[in-house]
Amino acid sequence: MVDHKDDYEDILLAPIAHTGPGFYWAVAGLSVFILWGAIAYAVQFHQGLGVTGLQQPVSWGFYVTNFVFFIGISHAGTLISAILRLSKAEWRRPITRMAEVITCMVLFIGAGQILIDLGRPDRMLNVIRYGRYQSPLLWDATSISAYLTASVVYLYLPMIPDIAVLRDRLKKRKLFYSVLALGWTGTEHQQRILNRAIAIMAVLVIPIAVSVHTVVSFVFSMTLQPMWHSTIFGPYFVVGAIFSGIAALIVAMIVFRKAYGFEPYLKPIHFRYLGQLLLIMALLWFYFTFAEYLTGYYGAEPEEMKVFWAKFTGPFWPFFWGMVLCNFIIPLSCLVRLSRRTIGKVLAASLSVTVGMWLERFIIVVPTLSFPRVPFPEGVYSPSWVEWGLMAGSFALFALFYLLFTKVFPIISIWEIQEGREVGLKEVEERLLTYLPDEAEANILEASRGR
Amino acid sequence: MALWGMVIDLDRCTGCQACVMACKAENNVPAVGQKEAGRGRIISWMQVLTETDEEHHSEKMRFIPRPCLQCDDPPCIKVCPVYATYRNPEGIIAQIYNRCIGCRFCMAACPYNAKYFNWYTYQKEQPGQNPDVSVREKGVVEKCTFCHHRLQKARERAHAENREIEPGEYNTACAQACPAQAIIFGDLADPGSEVSKLARSPRAFKLQEELGTKPKVIYLTEGEGGG
């Protein structure tokens, strides 16, 4: 399969073969934000968490919000790609790699948020030395590292044939690609083993992905705090994670489609399907949010109501209603009719959901802490420049990682596209035929009706 | 084995904050300065919480002195990832400052906001501090320990004299300082102790008892006469 060297491969290899000025401008732009973040962290490391806006009782703020947000985004990838692969969705072919890369990159950034949040990062290894498995934080560490490992393997495996293409066709980084290609020649035997391995990883990765955001939610729901102590937090967080993940994936796809001229590969139909998926998740997200808040409101437990009203009409109303607007109203109005101007609408909905899901994480973390159960002085949290800097730096670092990846590996799977042309078409036809009643069956049916 | 506990009589509390100051001096609790205080970063192991009476708006203030309630089923120790906070056999919730990674999970989990964080290096070791209590560094959580160092001293003294600790020999700084004798400290496992007797009073209640945290600091409500 690798022997085929048609023109269409060239578009996919172009970003790796040639580097234009746009790339350097992007790197320079992102570096500014990363530098801001680095300076902010240096200041915080030197002086302590006092340089943030955190206080008593709001002891968690932007960092924890970003942790939950980034880990949520990580569900874009591996989970969506695995589900699409297992359901034999043929349109997945140009999408899966983009999704998987998001997962791997964003998991580093997400896990990093917790390290940034520590008052004593120098004692970070105590989590391993004195690790206490009863703490949800340890569950997070376990689940996230399992997910990271599985995701990296799941990203790497389907990349092997493509790395072999790079090894054979590119003149640079010969040794690097040769080692990573693991001697891939594209024999039938190799292909069979690879397909088998990908299938195993796809199945394995789904429960791990679900566990990740479930235990992230447990950090909150295992406490007794009002509007945190909720049994639906696990699935609620998973739904939100997939929701924001799809949105992030669509944004990344549109950016690279434009930047690298991938229009022939990422067609409006792909965005329509993903848009529909996003719409379903928006409805599901709304259902969970509705169930969560109605339950709290109807029970009307005074401590819960304090936080509830703080979100609905109190100091947090702009964030709460902003979240409803961004996560439900805007995506709904953009996504119900996708037949015309698909990409513009899907992009608008995705950007809106990305903002909305960040607000959702914020609205979960901060208001509960702002209104303690006891008559403790209520706190008003406003983030400092350090927190803004680390947030900007984290986003920029993620974008930079992603950008660098596209410069080293093909961001759209070359061999899977080829497989789609050569094997997929026939397979789909055969599969379709198995869905339909064949002649023999039809005859039997007719005979039985006639009797 | 002893089970150390405290009774705080709200009828007697005048809100004078002597307990707060005594605690600060005894436990080397840092003064964070005006700027930090304004940002809501006061560290006060014993803190007098104020609540306006719901029936008499702004006419009547209720003072609730709140140390760490030393829960028997503490939500804070459940969530600690590194065993930096734990319940010792005598029921005191201990804090290991040198192990704490500063994740502040225990602060988020404590329903009484009894845990405090060192946002900066608020103090260094210097003359005039209590040598029995270690000075906390930046980035770690701290809280009331029922003046645990006093228990250690009392136990050493009793051990040297080859006897048991006598009632009243181990007392907390806040209880000692209270001019209205609103704070009574002692052994809840001894049914004859004053603190045990008061804990059985019909006026006794626990903060957020419905959460099931089983605090060992028991409050006595204001009596009829106070209304």
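## Terms and model

Helices are DSSP runs of H or I with at least four residues, numbered from the N terminus. An axis is a line fitted to C-alpha atoms, for helices over the stretch in contact, and angles run from 0 to 180 degrees between N-to-C directions.

This is a predicted model: local features need pLDDT of at least 70, side-chain atom pairs count only at pLDDT 80 or more, and totals for chains, interfaces and linings use all residues. Residues are numbered from 1 along each chain as its sequence is written, and chains are lettered from A in the order in which they are written.

Take helix H13 (residues 302–312) and helix H15 (residues 342–370) of chain A. They pack at an angle of about 125 degrees, with their axes 9 Å apart. That makes H13(A) oblique to H15(A). Oblique covers the angles left over when those under 35 degrees count as roughly parallel, over 145 as roughly antiparallel and 65 to 115 as roughly perpendicular.

Which residues meet? A:Val307, A:Ala310 and A:Lys311 in H13(A) meet A:Ile363, A:Pro367, A:Thr368 and A:Ser370 in H15(A). Contact means C-beta atoms, placed from the backbone, within 7 Å. The residues of this contact divide into four nonpolar, two polar and one charged. Nonpolar means Ala, Val, Leu, Ile, Met, Phe, Trp, Tyr, Cys or Pro; charged means Asp, Glu, Lys or Arg; the others, Gly among them, are polar.

## The buried face of H13

In H13(A), A:Glu304, A:Val307, A:Phe308, A:Ala310 and A:Lys311 are buried (20 or more other C-beta atoms within 10 Å of the residue's own, with C-beta atoms placed from the backbone). Seen down the axis of H13(A), its buried residues fall within an arc of 160 degrees, so they line one face of the helix. The arc is taken from the directions from the helix axis to the C-beta atoms.

What covers these residues? The cover includes helix H12 (268–299), helix H14 (317–335) and H15 of chain A.

## H4 against H11

Helix H4 (residues 77–86) and helix H11 (residues 233–260) of chain A pack at about 85 degrees, with axes 9 Å apart. That makes H4(A) roughly perpendicular to H11(A). A:Gly77, A:Leu79 and A:Ile80 in H4(A) meet A:Ile242, A:Gly245, A:Ile246 and A:Leu249 in H11(A). Five residues of this contact are nonpolar, two are polar and none is charged.

## Chain A meets chain B

Here 37 residues of chain A are in contact with 39 residues of chain B. The largest share of chain A's side, three residues, comes from H7(A). That side divides into 18 nonpolar, 14 polar and five charged residues.

How values were computed
Helix = DSSP H or I, 4+ residues; strand = E, 2+ residues; numbered from the N terminus. Contact = placed C-beta atoms within 7 Å. Buried ≥ 20, exposed ≤ 12 C-beta atoms within 10 Å, placed from the backbone.
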